[in-house]
Structure formats: C-alpha cells, structure tokens
Amino acid sequence: MRKEQIRKVMVYDRARDGKASEAFHQCMGKMQEVLAGCDTEFIRLVMEDDNPLTVTAALEAEIRSADPDLVIIPATALGEEVAPALGIRLDTGVAAHCCDIHVNEEGRMAYMVPAFGGKVIGEIFIPDTRPAIATVKPGLFSCGEGCCEGFKEIICEPPETSDDLVLLETEEYEQQKNPIDKARLIFCGGFGIGSEENWNKLEQLAEMTGGAAGCTRPVVDMGWGPDEQSMIGTSGRTVRPELYIGFGISGAAHHLCGISDSGTIVNVNNDSAAESFPASDFTAEADAGAVIDSLLEKLG
C-alpha cells in the first residue's frame, strides 16, 4: 500500500475512565507524522473492555462501517489477541509487533518487525487489502499527550450477542516501585550476569539508587527471578532513561532497539567484541558480577 492511498486511519485505544492512554498518543502521533501532507482522516477507536472477544466483535463492526485503510493497535496483552482475530475476520494482513512504521523510497508503507528471534529487523509490506492492520509495542514512539490533534472519535458499544468467553475477574499486576518504562535510571542484566544471585544484587542496586531493574530474555528464560514485565526490547518494554547501565549484555538487535532513545548508555561486559559496545556511550571490559559487587560496596 502506498502512502497516498491511505485516506483513513483508525487507532484503537483501551482507555481507562475515558482518558486516552499513552499508547494511543504514541501511535496516533506517529501516524500523523508519517502521513504528514496527505489528506488523511484520523479516528480514535475507543473500547473500554478487557474481554478480547467482546472487543474484537465491537471493533469489527465499527471497522466494517467506517472502512478505513489502516488500523493501528497497541501491542498490549489485549491488543495482541484482538489484532490477529480481526485479521482473520476481515480477511486482511497483520504486521505484528512493529518497532517502526515508515514510508520507504518507493513511497510504500513499510512495517519494521523483529525476525529470527529479534536478531534482525525485517521490512514487512501488507498487500493491497483493506484495512491493513499493524500492532505497535507501547513506548516505542516518543510522542506523548498533546502531541497529536485533529482526530475524530468513535466510542464502540458492546455487541448485542454474547460470546462463550466470560471475564470473571481482573487482577492488578504488582510492578516494581519504579516501573522500567518510566525510570530515569535503569540497571539491566543479561545472560552474562551469570546467576540468580547477581540478579538479586542488581535489584538491590536499583532499590538503593531509586532506579529500576531490567533484563534481557535469557535472564527470564533461566528463571533467575524476573518475568517478562521486566524485559527490555522489542518483545518486552521500550525504555528512555536518562542513564542506562547494562551488565553482561551481548547486544541483540531487539534489545538495542528497546534502549536506543536512552540519554546515556553504559555497558559492562568481559567480551570487548560484544555488539552492545558500539551502541554505548561508555564501556567497561570487566566481569559484570564483580562490577555489581563493587557498586553495592561503594553504595552500602
């Protein structure tokens, strides 16, 4: 699909108490930037519900009625269920987990998606089906509240027919005192920290300094303590701290994308050839665990 073919864009928003989410502002602001100069109508598609079947049915009805060219859905836990279901119901293409959306040299809409376990970023093109659907991880775009304007709003109503899935209860997830996606200082551990003990020490560092502790996927897979809520990268959280300090991180592309907008990036690794080093402002060729111990000693 070419840029000039996009005349109507809908951005889904799971609002809370009627207030637009940060993810909505980021996605809407990005699309208004990408499609600047085009005669495009922008619509905020609001549905305050956590049942994926209810949301899918309601969005499907509004999308069929409005007939947009492009639908953007934040890749939250809910959005990741709704988007592919809409793709099947509407018989259209879905670009999932986009880390960027831009117009290429040929004027075509290109969706940048992590591939091969996040080791590379692939350029995805959706065929000329309507509407194209793309999901975007929250936090990837820096646009905040007030950065986008000039959009209409549609409030989706629950469908009259009920689905077999019934939402019995919701449970708030207990995050760190300082969530990683809002932290000004982040200590991040990779596979190179070597043990659950060192992860616990990293959490101590974060608590002592008022920062947050983040990790890469291998740390989660090893079961050293954190879950995916602490994972940084295109398959986890995107962060923009003033200072990011990484320990034992190899530097896979999907992780580097998640920290690229950090103010200052520091990495500690005993491998001088680590891919994280070229992406850093400062580096230290040293054992990650020993440096963590030294920092705790000096702060203790």
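This is a guided tour of the structure above, stop by stop, with what to select at each one.

**Before you start**

You're looking at a predicted model, where local features need pLDDT of at least 70, side-chain atom pairs count only at pLDDT 80 or more, and totals for chains, interfaces and linings use all residues. Residues are numbered from 1 along each chain as its sequence is written, and side-chain values use heavy atoms, with hydrogens and water left out.

**Whole chain**

Select everything. The protein chain has 7 helices and 14 strands; these are DSSP runs numbered from the N terminus, with helices being H or I of at least four residues and strands E of at least two. The C-alpha atoms fill a box of roughly 60 × 50 × 35 Å along the principal axes. A compact globule of 300 residues would have a radius of gyration near 19 Å, and this chain's 21 Å agrees (taken over C-alpha atoms; the globule rule is 2.2 Å times the number of residues to the power 0.38).

Colour by accessibility next: buried residues make up 49% of the 300. Buried means under 20% relative accessible area, exposed over 50%, and partly exposed in between, with a 1.4 Å probe and protein chains only. As for contacts (heavy atoms within 4.5 Å), take those between residues at least 6 apart in sequence: 67% of them join residues at least 24 apart.

**Helix α1, residues 22-34**

Select 22-34. Helix α1 has 13 residues and reaches 18 Å from its first C-alpha to its last, close to the expected 18 Å; the expected span is 1.5 Å times one less than the number of residues. Of those 13 residues, 11 are buried, so α1 is largely enclosed by the rest of the structure. Among the buried ones are F24, H25, M28 and K30. Show the neighbours and you'll find the buried residues packing against several strands, including β1 (8-13), β2 (41-46) and β3 (70-74).

**Helix α2 and its ends**

Move to 52-66. The 15 residues of α2 should span 21 Å, and the end C-alpha atoms are 21 Å apart, which agrees. The buried residues of α2 pack against β1, β2, β3 and α3 (77-90); V55, L59 and I63 are among those buried residues.

Zoom in on the start of α2: a side-chain oxygen of N51 reaches to within 3.0 Å of the backbone nitrogen of L53. Just after α2, D67 takes a positive phi of about 55°. D67 is in the loop between α2 and β3, and at 55% relative accessibility it counts as exposed.

Most residues other than glycine have a negative phi, and most peptide bonds are trans. Here are some departures to click on:

- D91, in the loop between α3 and β4 (94-98), has a positive phi of about 55° although it is not a glycine; at 65% relative accessibility D91 is exposed.
- H97, in strand β4, has a positive phi near 60° and is partly exposed at 31%.
- R130 and P131 are joined by a cis peptide bond, with omega about -5°; P131 is in the loop between β7 and β8.

Now select β6 (109-115), where 5 of the 7 residues are buried, so the strand is largely enclosed by the rest of the structure. β5 and β6 pair in the antiparallel sense over 4 bridges (pairing needs at least two DSSP bridges). Their hairpin has 5 residues between the strands, and G107 takes a positive phi near 85° there. On the other pairing, 5 bridges join β6 to the antiparallel β7 (120-124). Highlight M112: D100 is its bridge partner, and E123 in β7 stands opposite M112.

**β10 to β11**

Strands β10 (185-189) and β11 pair in the parallel sense over 4 bridges, and I186 stands opposite A212 in β11. The chain crosses from β10 through helix α4 (196-209) to β11, and this β-α-β crossover is right-handed: with the strands pointing away from the viewer, the path from the first strand over the helix to the second runs clockwise. In β11, A212 and G214 point one way and A213 and C215 the other, and all are buried.

**Last stop: H255**

Select H255 in helix α6 (253-259). H255 is buried, with a relative accessible area of 2%. The side chain of H255 makes a polar contact with the side chain of Y244 at 2.8 Å. A polar contact is a pair of N or O atoms within 3.5 Å; within protein, one must be able to donate a hydrogen and the other to accept it, and residues adjacent in sequence count only if both atoms are side-chain atoms. Leaving out residues up to four places away in sequence, H255 also touches residues including C188, T216 and I232.
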